[in-house]
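Please consult the sequence and coordinates displayed here before the text.

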Amino acid sequence: MKSNSILAHLAVFGANLIYGINYTVAKDVMPEFLTPNGFILVRVLGAVILFWLLSFGLKLQEKVDRNDWGRLALAGLFGVAVNQLFFFQGLALTTPINAAIIMTINPVMVLIIAAIILRNKITLTKTTGILLGLSGAVLLTVYKEGELVIPNFSQNTALGDLLVLVNATSYAIYLVVVKPLMTKYQPVTVVKWVFLFGLIYVLPFGANEIVGFDWASFPSYIYGEIAFVVIGTTFFAYLFNMYGLKKLSPSVVSIYIYLQPFLATLVALAWRSDTLSLAQIMAAGLVFGGVYLVSKKV
């Protein structure tokens, strides 16, 4: 494996490690202190500022071709606005385990959409890898504290389940749509425009809510958690994924999502709020095996 490819894998792994940490760090922010739409606007606005400052600091003056503006606008729509707005709204109307199970469809959708848009071949090796990863991710999700937790898909959760499904599909579309841009431009150039378009889309949904926050009443640790979500979960995680996507296929980047439950468990273990079981270790092995097969060139 070439050094550039190894760095790309490490970048995507790092992004998903940040997402795993996010489950523990940011759980206190909503809904007590910030509403979902308001929180999304805060993180997108903060990320836009950071991405553009980074671009100026690196003196990146790449000119975007006229034909690529539509693709950037679509990437901002699916990768930032629909992705985040639908997930938070969906999570409020369904259960965390339902949402986690539904999110496992993301790499499957990436495989299908990439075959349609990018004409990527759906090979037996890739399909096997995704199925391995999916089985490991589902096991990681439903096996909690030594017991199986069965998801409850019902009429009461139907709307929330649908919104999370739209979120998973939206992120899959984003990964495929943005991939051709990564062959032409630097990751920072792409992500700064993607988030600027995303900010335009989410502004109407969060503007009124962000004005009503009682910022002065927030405890200091909440400011720290908000900063982590803006700097870590949004700025660095998207930047790492962009770098990975420059070197790897959308299917490889997407399958790393299956590691998030395992990484979240490791983080919770470090915080001494969870335990690690043999079943979870075996499930993680399935995910790593899936990542290997999807990454393998045949």
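## Basis of the model

The model is predicted, and local features require pLDDT of at least 70, side-chain atom pairs count only at pLDDT 80 or more, and totals for chains, interfaces and linings use all residues. Residues are numbered from 1 along each chain as its sequence is written, and side-chain values use heavy atoms, with hydrogens and water left out.

Helices (H or I, at least four residues) and strands (E, at least two) are DSSP runs, numbered from the N terminus. Residues are called buried under 20% relative accessible area, exposed over 50% and partly exposed in between (1.4 Å probe, protein chains only).

## Salt-bridge network

A search of the whole structure returns 2 salt bridges, each defined as a side-chain nitrogen of Lys or Arg within 4 Å of a carboxyl oxygen of Asp or Glu. One of them pairs the side chains of Asp65 and Lys184 at 2.9 Å, N to O. Asp65 belongs to the loop between α2 and α3 and Lys184 to the loop between α7 and α8 (187-211), so this pair ties together parts that are 119 residues apart in sequence. Asp65 is partly exposed, because its relative accessibility is 38%; Lys184 is likewise partly exposed, with a relative accessible area of 43%.

The side chains of Lys184 and Asp68 also meet in a salt bridge, at 2.7 Å, N to O. Asp68 lies in the loop between α2 and α3 and Lys184 in the loop between α7 and α8, so the pair ties together parts that are 116 residues apart in sequence. Asp68 is buried, with a relative accessible area of 8%. Through shared partners, the salt bridges join Asp65, Asp68 and Lys184 into one network.

## Packing of α4 and α6

Two packed helices are described by the angle between their axes and the distance between the axes. The axes of helix α4 (residues 96-103) and helix α6 (residues 124-142) come within 10 Å and cross at roughly 175°. Helix α4 is therefore roughly antiparallel to α6. The contact is made by Ile97, Ala100 and Ile101 on the α4 side and by Val138, Thr141 and Val142 on the α6 side.

The terms rest on the following conventions. Axes are lines fitted to C-alpha atoms, for helices over the stretch in contact, and angles run from 0 to 180 degrees between N-to-C directions. Angles under 35 degrees count as roughly parallel, over 145 as roughly antiparallel, 65 to 115 as roughly perpendicular and the rest as oblique. Contact means heavy atoms within 4.5 Å.

With residues up to four places away in sequence not counted, Asn98 touches Pro151, Asn152, Phe153, Thr157 and Asp161.

Gln84 is located in helix α3 and is buried, with a relative accessible area of 4%. Under the same exclusion of residues up to four places away in sequence, Gln84 touches Ile40, Arg43, Val44 and Tyr238. Tyr223 lies in helix α9 (residues 220-247) and counts as partly exposed because its relative accessibility is 37%. Leaving aside neighbours within four places in sequence, Tyr223 is in contact with Trp215, Ala216 and Phe218. The C-alpha atoms of Tyr223 and Phe86 are separated by 24 Å, the two residues being 137 residues apart along the chain.

## Positive phi angles

Lys59 has a positive phi of about 55° although it is not a glycine. Lys59 is found in the loop between α2 (36-58) and α3, and it counts as exposed because its relative accessibility is 69%.

Arg119, a residue other than glycine, has a positive phi near 60°. Its place is in the loop between α5 (106-117) and α6. With a relative accessible area of 67%, Arg119 is exposed.

## Nonpolar surface patch

Leu93, Leu159, Leu162 and Leu165 form a nonpolar patch on the surface, with about 350 Å² of accessible area together. Helix α7 (residues 158-182) contributes the largest share of the patch, 3 residues. Leu93 lies in helix α3 (residues 69-93) and is partly exposed, with a relative accessible area of 40%.

Patches are made of residues with over 30% relative accessible area and no salt bridge; like charges are joined within 9 Å, and nonpolar side chains (Val, Leu, Ile, Met, Phe, Trp, Tyr) within 5 Å. Accessible areas come from the Shrake-Rupley method with a 1.4 Å probe, and for residues only the protein chains shown count as cover.
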